[in-house]
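Hi,

Here is the structure I said I'd pass on. Have a look, and my notes follow below.

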Amino acid sequence: MKAFRYHRPADVAEAVAVLAAEPQAAYLGGGTNLVDLMKLGVQRPDVLVDVTRLPLDTVEELPDGGLRIGATVRNSDLAAHPAVRRDYPVLARALLAAASGQLRNMATTGGNLLQRTRCVYYQDTSKACNKREPGSGCAALHGQNRDLAVLDWSEQCVATHPSDLAVALAALDTVVEVHDADGPRDIPIAEFYRSPGTHPERETTLARGALITAVRLPPLPAARRSTYLKVRDRASFAFAAGSVAAMLDLDGDVVRDVRLAYGAVAHRPWRAYRAEEELRGRPFSPELAARAADAELAEARPLRHNGFKLPLTRAITVRALTELASS
Amino acid sequence: MSTGAVGRAYPRLEGPAKVTGTARYAVEYPVDGVTYGWAVPSAVVRGRITRIDTTEALASPGVLAVVHHGNAPRMAPGPQPELRLLQEPAVHYRGQYVAVVVATSLEAAREGARLVRIDYDTGPHSTVLTDDHPGLYKPDQVNPSYPTDTAEGDFDAGYAAAPVRVDVTYRTPAYHNNPMEPHATTAQWHDGQLLVQDSTQGATPVRATLAELFELPPESIRVVAEHVGGGFGSKGYAKASVVLAALAARHVDRPVKLALTRQQLFGPVGYRTPTIQRVRLAADTDGRLTAICHDAISQTSTIREFAEQTAVYTRSMYAAPHRRTTHRLVRLDVPTPFWMRAPGECPGAYALESAVDELAIALGMDPVELRIRNDTDVDPDQGRPFTSRNLVACLREGAQRFGWAGRDPSPRSRRDGRWLIGTGVAGSSYPARARPSTATATARPDGTFLVQINATDIGTGARTAIWQVAADALGVPPERVEIRIGDSALPTAPLAGGSMGTASWSWAVIRAAQTLREKLRDGGPPTGEVTAEADTTEEVGGQPAVPRYAYGAQFIEVRVDADTGEVRLNRMLGVFAAGRVVNPTTARSQLIGGMTMGLSMALHEEGLLDERYGDWVNHDLATYHITGCADVESIEAYWLDERDDELNPAGVKGVGEIGIVGAAAAVANAVHHATGVRIRELPIRLDKLIGVSGLA
């Protein structure tokens, strides 16, 4: 594999400065994804800037009732945090549905958001992939695409985003706090991820060299009634075949507020705005939940091997919301 | 005088060394001046290398050499053409190793491999097995040496005349061996002598192959395989890693360590062929089988024929007057398929034991009872009585332990909330073979004994089992016996495979021990070392050719999510009749390991081939799913106290493979019972169930 240098910055400003000066530098969090990709030659950084010693490892309860989660908080610590478990169960469940105990002990919050797709063609340098090598083509479009997108894909890329955590964060209207050469700024998660379009190699709206320093959850009392359902091909240690992050706030039986986001269906964690719209203000029923899912999936374009994701996503939407409604 | 060591649950002798990290595997030996090899796979399916540009690779820091067909040491032609690597520009399948980069570090070798530029002329390729492939042909025999087709009675007439029939076709995908330790080798040449530490199931056959390829007398080669991290058949003979390491070491005149990556295990080391199996069963209304036909199609490569004996299981399992089995092959532009735990029996039993379940439903008969009704004391294939056949006893004991009685046979008859619950059963059998072996036993003046045999412990507990057998044969407490295995310098022995290791090795060890005891009969401890040798070639060869089989019964309970189609195992229980059990701890481990691998076959594993690339694209353990611990909520293995004096002196039948046979069928049968949906193409995943109307 390619030789690389290792740098441990003293603070965020230094980390960002190294990235600005080194065109082939990459931040190293838990390394659970990047190191694998480096071995495979998919990622070939010159410099690894290890951000895990930066003081970004705390979970802070904010005065407004929200929560700021430092970028280097480990997935397992975050899932076990009392405020997360109490106020945002969807987040704890998404975290615990992901990977394995060993990986969760390593993986960081910021790194989790920037995981690369597990599309098999992306991970194999002997095959065409526009995301890995712009202009080389998309082998997945007419290849083995059972795990890939049904929504919002392009001829250039049919990859899905692999993170469970990001799906929960999308449902919660999280703000991503980043630090780049111009200093700190906020990016709402709805604007954080990109559709693949003609540039699938650009996965987020982060400026090159920007460092995620934290994610901020807004106060959302209704999120105490929230959940994450993940369906996978084996009981543990598998990416989602389908997943849903859901929050339901009822006034009697009428939907006062609802948040829905899907995993495993698109290039980004898929916030289901249409489904939410369908649900809001109506008396809840499983049939309504099914109609809402259908509305969201109306524009889906399944590939050759992944048509099952539509009934699957519909089924888990109904289940998640029905469980929340009766809880 | 037996000391009662056989039958006791001794922990593995090498357990402390393994858990403390001191047990050495093939590339863990410290070697002065060692270098590292990295195999370069072909990026095309079929073609010819027109040019190799090594300039950039050789300029990369640490790279010592790029070995390829243009500069590699020459090897002799041999019976295993896929091992004549780096000898010619032809490429026969994607992933064929076409170069080795040797460097001073593993990382430098890997980077060098990326920089080797290879141009190819390519031709059209065919990599997908179909039942109408124009290349279908009838091989001369099937693995290892069974007749290709068999027929007795008049199947067509018998089938046509029967009142109850099933005609069903099952498909299984490519399955890939993934032992924890990949194929790996350290190779060193000294004055024309070759020493390799190799991850193999048999150091003796590896030595023979290397001797042939490098045209050396076997005495010039030593193959050490002291600890091996699994094999499942894929390390049954010499594989690419040992050949490439030896070639590279000779080329650079330095020791070379070469380990394949996880990704490189998918194909070139052998895999279980995909199969297409048509099974036709006919019975009278009482459930007595009248006609059985099993037609199996599988693939091989263009460079070597490997014919999986898929339908052989059906020849001896159940009796019927009219029987036929056939095997057809297609030569595809793929790596050569090879052994994977119970080759033949495993995929064949999936099809036959599924079809028997379908027949039971057609008859309205309990599937345990149907199997019992078609039991036979005489091997339908050979026409001779089995030395022992305890299939019925396994079925009965399994049914009792599992709680089968009172089962409502109607599909979808049990539900627990969103979960549909179902149970399934399958029979299981595997041949009990033995091969000739040699061994020595030595008495030392201090009252201890040394037993030497080139057996291999691939993680099964073989070392411990032979040690127990040796102690009883010597009539001394096992603490006084030292055992040495895993080295071609030791007495020659067959490989660990075919569930025949313990039978074959024990035989020679027992004979050596008996001879030694005769030598020592008249005195106390000897004043010097006294050694006895044994060679069982004549005795094994002189055994009457009678049918010897282990049997089993697999019982499974699954739950299927009515909304999502997810299939989860509630419990699996197997009862086996496998002769004498030498060590209950390691035998149980083998049995539940096999059963788990069968579950994995049923629900999880599938090599996904991309026809355009001629390559399995899910070539790592993140994307090629195997069953994990969380998938096995409850597993139990039991065995009958079986004594069979027509087997071998140790009385064992072997437990390495019987556990996987039938397990996948029992899962598929349970899924049908739960859902009413019969999935005839493995694996049974949620996408095949969720689309089925009426599941919920």
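How many residues does the contact take from chain B, and how many from chain A? It takes 27 from chain B and 25 from chain A, where two residues are in contact if their C-beta atoms, placed from the backbone, lie within 7 Å.

Before the rest, the housekeeping: this is a predicted model, in which local features need pLDDT of at least 70 and side-chain atom pairs count only at pLDDT 80 or more, while totals for chains, interfaces and linings use all residues. Residues are numbered from 1 along each chain as its sequence is written, with chains lettered from A and ligands numbered from 1 in the order in which they are written.

Back to the side of chain B that touches chain A: helices H3 (106–115) and H16 (686–690) of chain B each give two or more residues, and H3(B) has the largest share, with 4 residues. (Helices are DSSP runs of H or I, at least four residues, numbered from the N terminus.)

Within chain B, helix H14 (584–603) packs on helix H15 (663–675) at about 50°, with the axes 7 Å apart. Axes are lines fitted to C-alpha atoms over the stretch in contact, and angles run from 0 to 180 degrees between N-to-C directions.

Cheers
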